[in-house]
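Thanks for coming, everyone. I'd like to take you through one model today, so let me put it on the screen.

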Amino acid sequence: MADVPVYVIANFSIDDAATYRTYEKGFFPLLKRHGGEFVTYDDRTETLEGRAPRSGRVVLFRFPNEDSARAWYADPEYQALSEHRRAGTTLEFITMIHGLPPRA
């Protein structure tokens, strides 16, 4: 299978802004280290159909492929940093979505 981009969506509520800020400051260098790219976030999403995710922040970022996304998530430095996210937020989900393969 050809490399396809992978998108990661996270949904969480921020319970302790200062603790979350520590996570946020260290997040971007680790994301870039693994080829990741921040796309956007929204604190006021709108669900058009179906059950809405927990109210709070929805974050979207992208990796060039699944291996890069898995390496980022498994990175011991990221896992150590993510303890600040775990302590400062209530997480609903972190989901990986595979993009479409390149057209021939």
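Some housekeeping first. This is a predicted model, so local features need pLDDT of at least 70 and side-chain atom pairs count only at pLDDT 80 or more, while totals for chains, interfaces and linings use all residues. Residues are numbered from 1 along each chain as its sequence is written, and side-chain values use heavy atoms, with hydrogens and water left out.

Rolling a probe the size of a water molecule over the atoms shows where empty space is left. Here a pocket is an open set of points on a 1 Å grid over the protein atoms alone, where a 1.4 Å probe fits, with protein on both sides within 12 Å along at least five of seven lines; lining residues have an atom within 4 Å of a point. The largest pocket holds about 200 Å³ of space, a volume being the space filled by probe spheres set on the points, which are joined across faces, edges and corners.

So who lines the largest pocket? There are 16 residues, and Phe12, Tyr20, Phe27, Phe38 and Val59 lie nearest its centre. Strand S1 (6–14), helix H1 (17–33), S2, S3 and helix H3 (76–88) each give at least two lining residues, and H1 has the largest share, with five. Helices (H or I, at least four residues) and strands (E, at least two) are DSSP runs, numbered from the N terminus. By class, the lining has 13 nonpolar residues, no polar ones and three charged. For those classes, Ala, Val, Leu, Ile, Met, Phe, Trp, Tyr, Cys and Pro count as nonpolar, Asp, Glu, Lys and Arg as charged, and the others, Gly among them, as polar.

Phe38 turns up again on the surface, in a nonpolar patch with Phe28 and Tyr41 that has about 270 Å² of accessible area together. Patch members need over 30% relative accessible area and no salt bridge, with nonpolar side chains (Val, Leu, Ile, Met, Phe, Trp, Tyr) joined within 5 Å. Areas are Shrake-Rupley with a 1.4 Å probe. Phe28 lies in H1 and is partly exposed at 32% (buried is under 20%, exposed over 50%, partly exposed in between).

Now, charges. Side chains of opposite charge can pair when their charged atoms come close. Taking a salt bridge as a Lys or Arg side-chain nitrogen within 4 Å of an Asp or Glu carboxyl oxygen, the count is eight. Within H1, Glu24 pairs with Arg21, with the closest N and O atoms 2.3 Å apart; the two sit three residues apart, about one turn of the helix. Glu24 is buried at 18%, whereas Arg21 is partly exposed at 45%.

In helix H2 (residues 66–74), Glu66 and Arg70 are four residues apart, about one helical turn, and their side chains meet at 2.7 Å, N to O.

Last one: where does Thr45 sit? In the loop between strand S2 (37–42) and strand S3 (57–63), partly exposed at 39%. Its C-alpha is 20 Å from that of Arg85, 40 residues apart along the chain.

Terms used
Buried < 20%, exposed > 50% of the residue type's maximum accessible area, 1.4 Å probe, protein only. Patch = residues over 30% accessible without salt bridge, like charges linked within 9 Å, V, L, I, M, F, W, Y side chains within 5 Å.
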